[in-house]
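Q: I have a model open and would like to go through it with you. Could we begin with the ligand and then turn to the chain itself?

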Amino acid sequence: MSDCIFCKIVSGDIPSYKIYDDDRVFAFLDIKPLSKGHTLVLPKEHFENVFDIPEDLYAYMFEVAKNISANIKEKYQPEGIFINQNNGEMAGQSVLHIHIHVKPIYNESQKHKEEDKGMQLSTEEMEKICNDLKIA
Ligand code: 5GP
Ligand code: ZN
């Protein structure tokens with residue numbers, strides 16, 4: 001996609017700190033990292049999000065993210081690694097070329113904030129949501 005910043009990084013038109021490169025997937029350091037080693041993993045081909053990427057490529061991105069995480073753990077020994085992949089602007093996606101964030105967590109200030117998850121739902125509401133979303 002000609003006006004996509006991540007397509008330009010994949011093609012080399014925009015420089016990046018490359019961490020990994022194969023025929024399908026590319027990974028580089030985030031320009032505005034949460035922490036040392038914050039890496040973005042993405043398909044070379046342009047897909048916007050989880051809804052349009054083929055399933056096998058999506059799975060492969062996570063396989064690469066797992067290997068990158070293991071390497072970060074070995075080299076930098078973070079306390080943990082937060083892996084996230086945002087879909088849509090309301091979900092925090094600012095670049096519309098699908099990517100996985102691999103974020104090493106070294107201290108309390110970098111921690112994922114679990115207190116954001118405070119929604120209260122009744123038993124009936126939980127049962128309805130469960131019935132609505134059940135696939136198998
Ligand atoms: P999103 O918010 O879409 O999940 O994540 C996009 C990420 O891409 C952000 O963390 C941002 O810092 C990073 N980013 C945006 N533009 C560039 C760039 O030109 N180079 C690099 N290396 N990272 C970028
Ligand atoms: Zn793109």
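This is a predicted model: local features need pLDDT of at least 70, side-chain atom pairs count only at pLDDT 80 or more; totals for chains, interfaces and linings use all residues.

Q: Which elements give two or more residues to the shell around ligand 1?
A: Those elements are α1 (5-11) and β2 (25-29).

Q: And which of the elements gives the most to that shell?
A: Helix α1 does, with 3 residues.

Q: How many residues surround ligand 1, and which are the closest?
A: Ligand 1 is surrounded by 16 residues. The closest are L29, D30, G92, S94 and H101.

Q: What is the make-up of the shell by class?
A: The shell around ligand 1 consists of 8 nonpolar, 6 polar and 2 charged residues.

Q: Backbone or side chain in the case of D30?
A: For D30 it is the side chain: one of its N or O atoms is 2.5 Å from an oxygen atom of ligand 1.

Q: What about V95?
A: There the backbone is involved. An N or O atom in the backbone of V95 lies 2.9 Å from an oxygen atom of ligand 1.

Q: How much of the accessible area of ligand 1 does the protein cover?
A: On its own, ligand 1 has 520 Å² of accessible area, and the protein covers 83% of this.

Q: Changing topic to the fold: how many helices and strands does the chain have?
A: The chain has 3 helices and 5 strands. Their order along the sequence is α-β-β-β-α-β-β-α.

Q: What does the C-alpha trace span?
A: Along its principal axes, the C-alpha trace of the chain spans about 55 × 35 × 25 Å.

Q: What percentage of the chain is buried?
A: Of the 136 residues in the chain, 34% are buried.

Q: One backbone detail, please. What is the phi of Q77?
A: Phi of Q77 is near 45°, which is a positive value in a residue other than glycine. Most residues other than glycine have a negative phi.

Q: Where does Q77 lie?
A: Q77 is in the loop between α2 (55-76) and β4 (80-84).

Q: Does Q77 count as buried or exposed, and why?
A: Q77 counts as exposed because its relative accessibility is 55%, and the cut-off for exposed is over 50%.

Notes. Residues are numbered from 1 along each chain as its sequence is written. Chains are lettered from A and ligands numbered from 1 in the order in which they are written. Side-chain values use heavy atoms; hydrogens and water are left out. A residue is near a molecule or strand if one of its heavy atoms lies within 4 Å of it. A polar contact is a pair of N or O atoms within 3.5 Å; within protein, one must be able to donate a hydrogen and the other to accept it, and residues adjacent in sequence count only if both atoms are side-chain atoms. Accessible areas come from the Shrake-Rupley method with a 1.4 Å probe; for residues, only the protein chains shown count as cover. Helices (H or I, at least four residues) and strands (E, at least two) are DSSP runs, numbered from the N terminus. Ala, Val, Leu, Ile, Met, Phe, Trp, Tyr, Cys and Pro count as nonpolar, Asp, Glu, Lys and Arg as charged, and the others, Gly among them, as polar. Buried means under 20% relative accessible area, exposed over 50%, partly exposed in between (1.4 Å probe, protein chains only).
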